[in-house]
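Here's a quick briefing on charged side-chain pairs. Have the chain open while you read, and we'll go pair by pair.

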Amino acid sequence: MKNKLLTLLFVLLALPALADEGMWLPSLISGRIGDMRAKGFRLTAEDIYSINNDASMKNAVVLFDNGCTAELVSSEGLLLTNHHCGYDAIQSHSTVAHDYLTHGFWARSRAEELPNKGLDVKFLVRMEEVTDRVAGGETREAIIEKAEKEGVNYKACIEQMYYGNQLFLFIYEQFDDVRLVAAPPSSIGKFGGDTDNWIWPRHTGDFSVFRIYADKNNRPAAYSKDNVPYRPKRHFAISTKGVKEGDFTMIYGFPGNTQEYITSDVVEYIVNISDPQKIDIRTGRLDIIAKGQASDAALRIHYAAKHAGIANAWKKWQGEVLGLKRNHIVDKKRRYEADFQQWAETRPEYNTVLRELHEEYEQVKEPYLAREMMFETLYSLPKNYTAEEREEEVFAKRQATEEALFVYLFNEYDKRCPESFKVSEFVEGVKTYGSVENYAREMFAAVWKGEKNDRLDEYHTLKESIVRMQKYIQDRLETKHLRNMSSKRMNELYTVYIRGLREWDTERAFFPDANLTLRVAYGSVMGYEYADGEYHKPLTTLDGIIAKDNPEIYDYDIPESLREIFRTKDYGRWGAEINGHYTVPVCFLATNQTTGGNSGSPIINGDGELVGINFDRTWLSTMSDIAFDPSICRNISVDIRYVLMVIEKVGKAGYLLDEMTLR
């Protein structure tokens with residue numbers, strides 16, 4: 001039965017996808033290459049992924065900092081990713097005296113490149129299916145241990161596809177010496193800030209530049225002054241001719257999480273319960289942090305990365321709800337499920353699976369909400385303040401903001417967590433201190449001072465208390481093996497459900513949900529109709545940046561050098577005629593399916609050349625984690641010509657272009 005199922009899976013992988021939907025495993029990309037070539041790709045499956053051909057594209061793409069993607073662009077280890085992916089590293093080197101977030105950073109030599117503790121990149125060595133090995137009795141731990149012994153600093157993991165119908169081993173080579181080379185000012189790299197995030201038209205130069213270092217034998221090594229630039233097996237050549245509407249685009253990266261096959265119950269929970277509550281909680285957090293940032297320049301820098309991290313998902317969820325409602329996804333899923341059920345009635349292996357899935361969701365909905373509320377409130381608070389933090393000049397300035405966050409988030413937890421799942425220690429703490437606010441202030445005082453709190457006996461610090469609270473709720477969830485709205489039983493039911501969907505819906509091309517493993521998505525440069533009578537063109541230019549430029553607003557106050565470039569039209573080789581106007585392209589839209597983790601991914605043309613760096617989706621496109629609509633779902637990329645112009649003209653770091661392959 002298992003071999004019959006696997007044969008079915010591979011047959012279905014070869015079916016044509018509807019429109020440009022899909023995140024395809026690169027080792028199986030040969031099943032898509034015919035469709036890709038019909039849409040403008042001019043290379044082969046071996047050019048995309050090969051374990052024997054060092055020149056395959058997989059050797060030029062890395063998992064960056066365990067949450068983004070980056071691409072090699074020189075034979076000396078130079079890589080490009082997003083500004084927001086490098087944001088923590090840029091912030092860590094920033095001070096009031098050397099504010100690299102505001103003014104940018106440009107190393108003038110290799111000696112000035114800055115090391116980043118804890119930042120690593122991973123190359124995929126290979127991926128292989130191990131379903132039969134595990135079914136045959138070989139343990140996952142044994143398979144991983146054997147794989148990691150194959151090379152220096154190899155890391156391995158086994159990931160399930162299609163809810164466990166297939167298992168794949170992924171082997172990575174990890175490099176730990178990654179140095180910051182260049183970053184534009186935030187008014188370029190984060191142009192528009194939270195206001196423009198997830199929005200089109202977009203004018204953000206969302207890029208940063210890093211370099212991988214290795215030992216003298218080109219092997220991974222911890223940071224050392226003796227390390228030398230890494231010599232990659234492959235780097236991308238860069239096309240300077242640009243893109244136009246209709247051009248083929250391919251994205252190669254590490255998408256983080258999608259839920260393509262969830263049932264209508266879960267979508268309804270996301271739209272009406274989960275997202276709205278998380279949005280409300282984060283609105284309050286952002287208001288408190290923004291107030292602190294506005295009060296002091298040092299606090300603005302300190303909280304910059306935290307504010308950006310909170311705001312990113314906050315705004316994404318708003319677009320997700322809007323897109324799912326506008327496209328009536330709950331109703332569409334219900335109709336789809338009803339059609340499946342009609343087919344399944346005469347098939348004993350499938351005729352009860354949907355009913356059982358709905359029943360299981362009712363069982364896990366409330367405990368999962370309690371888990372989400374814990375993570376969005378109490379769990380998001382600092383559990384202690386380190387010795388290094390206490391020595392920072394800004395530490396004392398943070399006190400009012402930190403205390404306000406404690407009070408706010410304790411209250412939000414009390415208000416939103418279902419009573420039957422509220423942590424008993426929290427309930428007792430509120431009784432002890434007389435109110436939620438008093439409890440929050442006492443707990444903040446204890447962790448701020450790093451002292452014991454005798455009034456709570458053994459509950460000495462927030463760190464200890466939160467750990468116990470988290471364990472309490474996790475223990476309750478463990479009784480149902482609950483993880484990410486999916487119990488052990490639910491996962492078993494999904495395995496059956498998806499098998500049934502594949503037998504029934506033979507016109508649909510199924511691909512595994514994203515799980516931060518390397519994937520290929522492809523499509524084309526294309527605009528879309530945002531609303532009735534409102535068509536969004538797929539390209540933006542420097543003219544749009546100048547139109548938004550405002551020295552009185554931090555996120556729109558562009559560098560004077562960029563204004564001067566525009567005034568003099570000193571675009572050099574990066575200028576282009578766009579719609580009859582001489583300007584510089586900035587961003588473009590395409591139909592590639594993307595999600596978190598694809599940030600920093602290379603956008604590749606039909607000849608395998610780099611034409612852009614993916615960094616975002618349009619607001620309504622955020623629903624594509626759940627349902628991809630080809631009429632409106634678009635990814636946003638920064639045009640590589642704008643990246644190169646900023647490096648050369650704004651950063652005066654043209655020497656970096658000398659080591660790139662420009663075509």
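Is K649 buried or exposed, going by its relative accessibility? K649 has 17% relative accessibility, so it counts as buried, since the cut-off for that label is under 20%. Keep in mind that this is a predicted model. Across the whole structure, a search turns up 52 salt bridges, and a few of them are picked out below.

**K649 and D570**
- These two side chains form a salt bridge, at 3.2 Å from N to O.
- K649 sits in helix α23 (residues 640–650) and D570 in the loop between α22 (560–568) and β17 (576–578), so the pair ties together parts 79 residues apart in sequence.
- D570 comes in at 38% relative accessibility, so it counts as partly exposed.

**E376 and R282**
- The side chains of E376 and R282 meet in a salt bridge, with 2.9 Å from N to O.
- This pair links distant parts of the chain, with E376 in helix α14 (residues 353–376) and R282 in helix α10 (residues 264–295), 94 residues apart.
- Both E376 and R282 are buried.

**D607 and R42**
- D607 and R42 pair up through their side chains in a salt bridge, at 2.7 Å from N to O.
- Here the link runs between two loops: D607 is in the one between β20 (602–604) and β21 (610–617), R42 in the one between α2 (33–38) and α3 (45–48), and the two residues are 565 residues apart.
- D607 counts as partly exposed, because its relative accessibility is 30%.

How values were computed:
Residues are numbered from 1 along each chain as its sequence is written. This is a predicted model: local features need pLDDT of at least 70, side-chain atom pairs count only at pLDDT 80 or more; totals for chains, interfaces and linings use all residues. Side-chain values use heavy atoms; hydrogens and water are left out. A salt bridge is a side-chain nitrogen of Lys or Arg within 4 Å of a carboxyl oxygen of Asp or Glu. Helices (H or I, at least four residues) and strands (E, at least two) are DSSP runs, numbered from the N terminus. Buried means under 20% relative accessible area, exposed over 50%, partly exposed in between (1.4 Å probe, protein chains only).
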